[in-house]
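I open my notebook on a structure that is new to me.

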Amino acid sequence: MCADGGTRALYLHIPFCARKCAYCDFASWATPAGDPLMEAYERALEAQLDEVAGLGLLEGCETAYVGGGTPTLLGERDLGRLVEKIVGAAAPAELTCEANPDSLTDGVLAAVRAAGATRLSVGVQSLDDGELRELGRLHDGACARERVTAAVSSGLDVSLDLMCATPGQTSESWARSLKGAASLDVCHVSVYPLQIEEGTPLDLRYANDPCEWNDPEVQAERMEQAQAALEACGFFRYEVASYARAGKECRHNKVYWTGSAYVGLGTGASSMLDLEGYLRLCAACPQLPAVPAGAQRVRLTVETPRRQLAEEARLSALSFLLEFLSEPQAVAEDLMLGARLVEGLRPELVARARALFGPRFDDTVDVLLARGLLAEKNDRLAPTEQGWLLGNELYGALWDLAPGEVATARC
């Protein structure tokens, strides 16, 4: 457990891709291999790591995650150097790098393993070549299988991402992807229904199509199919979209779902800090506004463009979008996020919510129990299968306990 002002997790965002996927609206941009911007950006993240470590923001850090974008596009030298820097600055017990099969070379594997990474999360999405083409992925099924096999052989814990309810996907092709993924000796699989984001190439391509392959019923069917297939292969579900073999849950992901503080570096990266952590950051960032009265939690997203960040790495040069949450808003958020976990809501969180919200909390819980979205399980309130399938309704009801609007600012 981290001390006040410290964080349990560190996230670094790499905003570079060889090509944007058709569904992607993340903070990432197509960038030629070898573009000097990538090394300059990586060096800037190294400098920022030194700053946040000097502020004490990495005290108690247990996990780190290098995401994107495509971190493996940095190549073995730059990605290896960044991982080594993370180890020196934070010494996390779990350190994950995201990877795409097409840029996951043997050299990159060896470099991140030697530098101290413990885990690899590979964006496979599908093992069906037609589905991969529809999604705009650069790899095919054979490449994904071969590169995942190499990653497993390297000794890293390996997770796969799979995407369902996609163009051209059938129940049969989804079953083949699930079976294929489970056969690759990975220890973790994340499964996500495709979200068609406004303005993406996929959205424009299907603007006049009802997209029946992506409707909520199909999404629910695919997620239920994934649960049955993966559990039959020895995985257990610990979060709405995540399956692991025994002892191989992603500790970093669980930080997000349990209301713990974390710090994010890089364009588009988000942090969640307690008041002490925010005050520590303010010591290096005079541009940050004062905390509004009653705020107990601060969320920050880096809005500085990648080129500007690469040219001026100092934390004091960054621009942020901020959200200030009151204690009731923070507790409602923790309830909403905790309802993603199989283990359910922690008793101490429930007690705190009951003290803050009074009868409104019990009334809300009674409605969710009656609707079958929550159940009492091992002395906890836990989501049911129906609760996961109707997640927006469950999470929305818990968030609606929060009074007022979240205060925001930009700097």
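**Entry: T63.** I looked up T63 and found it buried, with a relative accessible area of 1%. I use buried for under 20% relative accessible area, exposed for over 50%, and partly exposed for in between, with a 1.4 Å probe and protein chains only. T63 sits in strand β4, residues 63-68. I take helices (H or I, at least four residues) and strands (E, at least two) as DSSP runs, numbered from the N terminus.

Which residues is T63 in contact with, leaving aside its neighbours within four places in sequence? I listed R8, A9, L10, P92, E94, R251, H252 and V255. Contact here means heavy atoms within 4.5 Å.

**Entry: ground rules.** I note that this is a predicted model, where local features need pLDDT of at least 70, side-chain atom pairs count only at pLDDT 80 or more, and totals for chains, interfaces and linings use all residues. Residues are numbered from 1 along each chain as its sequence is written, and side-chain values use heavy atoms, with hydrogens and water left out.

**Entry: backbone.** I checked the peptide bond from G68 to G69 and found it cis, with omega near 20°. G69 belongs to the loop between β4 and α2 (75-90).

Next I turned to A91, in the loop between α2 and β5 (94-99). A91 is not a glycine, yet its phi is positive, about 50°. Is A91 buried or exposed? I read a relative accessible area of 56%, so A91 is exposed.

N378 also went on my list. Its phi is near 50°, a positive value in a residue other than glycine. I found N378 in the loop between β15 (374-377) and β16 (380-383). N378 counts as exposed, at 70% relative accessibility.

**Entry: V342.** I placed V342 in the loop between α12 (327-338) and α13 (347-357). V342 counts as buried, at 17% relative accessibility. Beyond its neighbours within four places in sequence, V342 is in contact with R237, Y238, E239, K377, A382 and W388. I also checked V342 against V122, which is 220 residues apart from it along the chain. Their C-alpha atoms are separated by 24 Å.

**Entry: helix α5.** I traced α5 over residues 141-153, which makes 13 residues. From first C-alpha to last it reaches 18 Å, close to the 18 Å expected at 1.5 Å a residue. The expected span is 1.5 Å times one less than the number of residues.

Which residues of α5 are buried? I noted G141, A144, R147, V148, A150 and A151. An α-helix has 3.6 residues a turn, so residues three or four places apart point the same way. I then looked for what covers the buried residues of α5, and found α3 (106-115), β6 (119-125), α4 (129-135) and β7 (157-164) among the elements.

**Entry: whole chain.** I counted 16 helices and 17 strands in the protein chain. The radius of gyration is 21 Å, close to the 22 Å that the globule rule gives for 411 residues, so the chain is as compact as a globular protein of that length. That radius is taken over C-alpha atoms, and the rule is 2.2 Å times the number of residues to the power 0.38. Along its principal axes the C-alpha trace spans about 55 × 50 × 45 Å. Of the 411 residues, 55% count as buried. Among contacts with a separation of 6 or more, 73% come from residues 24 or more positions apart.
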